[in-house]
Amino acid sequence: MAFTAKDVVTLRERTNVGMMDCKKALTEADGDMEKAIQILREKGLASAAKKAGRVAAEGTIGVFSDGNASALVELNCETDFVGNNPEFKALANQIAKTVVVAKPADLEALKAATIADGSVSVADAIQELFLKIRENLSLRRFELVEGTVVSYIHAGGSVGVLVGFDTDAADKPEFVEMGKNVAMQVAALSPEYLNSSDISDAALAEMKNIIVESSLNKPDTLPKPIFQQVVAKVLDGGLWSAEDVAAYEEQKNNKFLFNFLSKEGIAKLAEVAVANKDEFMSNPIFMKANEGRIKKQIKEVCLMEQAFVRNDVFDGSVGAYVADVAKKLGANITVKSFVRLAKGEGIEKKEDDFAAEVASMVK
């Protein structure tokens with residue numbers, strides 16, 4: 001079956017693939033348009049398989065909400081150029097809409113679902129975009145939150161946040177503004193928990209252990225009575241050099257003492273402090289100091305206990321800010337949940353050594 005230049009143009013319009021690739025596909029398909037489309041898809045799959053090993057750590061976070069449910073998806077690519085491509089971003093948002101419509105159980109179910117406002121599967125839609133972009137594309141993860149949700153996308157898709165609420169004020173502008181501010185807080189400070197009550201006993205024990213170990217490994221942060229005990233053990237054991245002993249005796253009342261001790265001398269203090277951990281753990285002074293550090297850490301990792309970053313709007317914790325808005329509206333507002341996705345989070349990016357690459361080319 002013969003084909004014309006108009007057929008090539010039509011195929012390009014339907015697939016957005018380059019003119020030469022369209023011409024080759026029509027030649028191979030003997031002019032059959034549908035067969036040519038299938039050939040392009042198959043070649044695209046083969047090409048995608050070759051590129052699948054390439055790191056896709058760039059991309060965007062797509063979002064969609066219909067008022068009853070909201071979704072975020074992370075769609076990855078290889079370069080920030082593609083990540084900022086309007087068609088790429090539109091696909092991410094279309095996939096997010098698919099999550100809300102189809103409510104897939106997992107990522108594989110999402111890929112198999114028919115894409116919202118389309119006729120192909122999500123996997124095929126990604127494949128079709130690959131045919132145009134020619135970069136490794138990867139749908140990495142998604143989050144679905146049902147009910148009253150406020151969303152926020154930071155920096156054009158680098159971070160996406162959903163905050164779920166239980167409220168009777170969802171239609172009030174003041175509530176929406178408050179919700180956006182809380183979502184921005186999540187984007188900026190990346191809390192791990194909603195409330196301190198959500199921290200498991202095991203996680204809390206691990207947090208306490210890390211704080212204790214950190215305190216012992218940084219002797220300059222130890223309470224003065226504990227520090228003096230550590231120094232006495234170091235001196236009694238003859239673990240310092242003569243220079244460190246002399247520096248200590250001369251500067252022991254100086255708050256900048258550690259500027260006069262050698263690195264080796266400071267390391268010995270930490271070594272002795274860690275070795276006597278059990279003894280210090282039973283000391284009320286040491287434990288009280290660490291309890292303060294633990295409380296501070298909890299405030300940093302729990303959203304509702306964090307200091308609200310928009311102190312130009314409200315001075316206090318996030319929980320107090322939400323309560324203040326609820327009081328002013330005469331409404332009930334409870335933060336139920338939050339999710340935060342950051343593009344490329346946890347993906348190890350390949351570091352290109354361009355100097356070495358150029359050097360190898362001229363050998």
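Guide: Val150 is found in strand E4, which spans residues 148-154. Keep in mind that this is a predicted model.

Visitor: Is Val150 buried or exposed?

Guide: Buried means under 20% relative accessible area. Val150 has 7% relative accessibility, so it counts as buried.

Visitor: Which residues does Val150 touch, leaving out those up to four places away in sequence?

Guide: Val150 touches Val161, Leu162, Val163, Phe165, Phe175, Val176, Gly179 and Lys180. A separation in sequence can also be set beside one in space. Val150 and Val182 are 32 residues apart in sequence, with 8.9 Å between their C-alpha atoms.

Visitor: Turning to a helix, how many residues has H15, and what does it reach from first C-alpha to last?

Guide: H15, residues 318-329, has twelve residues and reaches 17 Å, close to the 16 Å expected at 1.5 Å a residue.

Visitor: Which residues of H15 are buried, and where do they lie around the axis?

Guide: The general idea comes first. An α-helix has 3.6 residues a turn, so residues three or four places apart point the same way. In H15 the buried residues are Val318, Tyr321, Val322, Val325 and Ala326. They cover an arc of only 135 degrees around the axis, which puts them on the same side of H15.

Visitor: What covers the buried residues of H15, and which exposed residues does the face turned away from them carry?

Guide: The cover includes helix H8 (173-189) and strand E6 (333-342). The face turned away from the buried side of H15 carries the exposed residues Lys327 and Lys328.

Visitor: Which residue just after H15 takes a positive phi?

Guide: Gly330 does, at about 65 degrees.

Conventions
Residues numbered from 1 in each chain as written. Predicted model: local features only at pLDDT ≥ 70, side-chain atom pairs only at ≥ 80, totals over all residues. Heavy atoms only, no water. Helix = DSSP H or I, 4+ residues; strand = E, 2+ residues; numbered from the N terminus. Buried < 20%, exposed > 50% of the residue type's maximum accessible area, 1.4 Å probe, protein only. Contact = heavy atoms within 4.5 Å. Expected span 1.5 Å × (residues − 1). Arc of directions from axis to C-beta.
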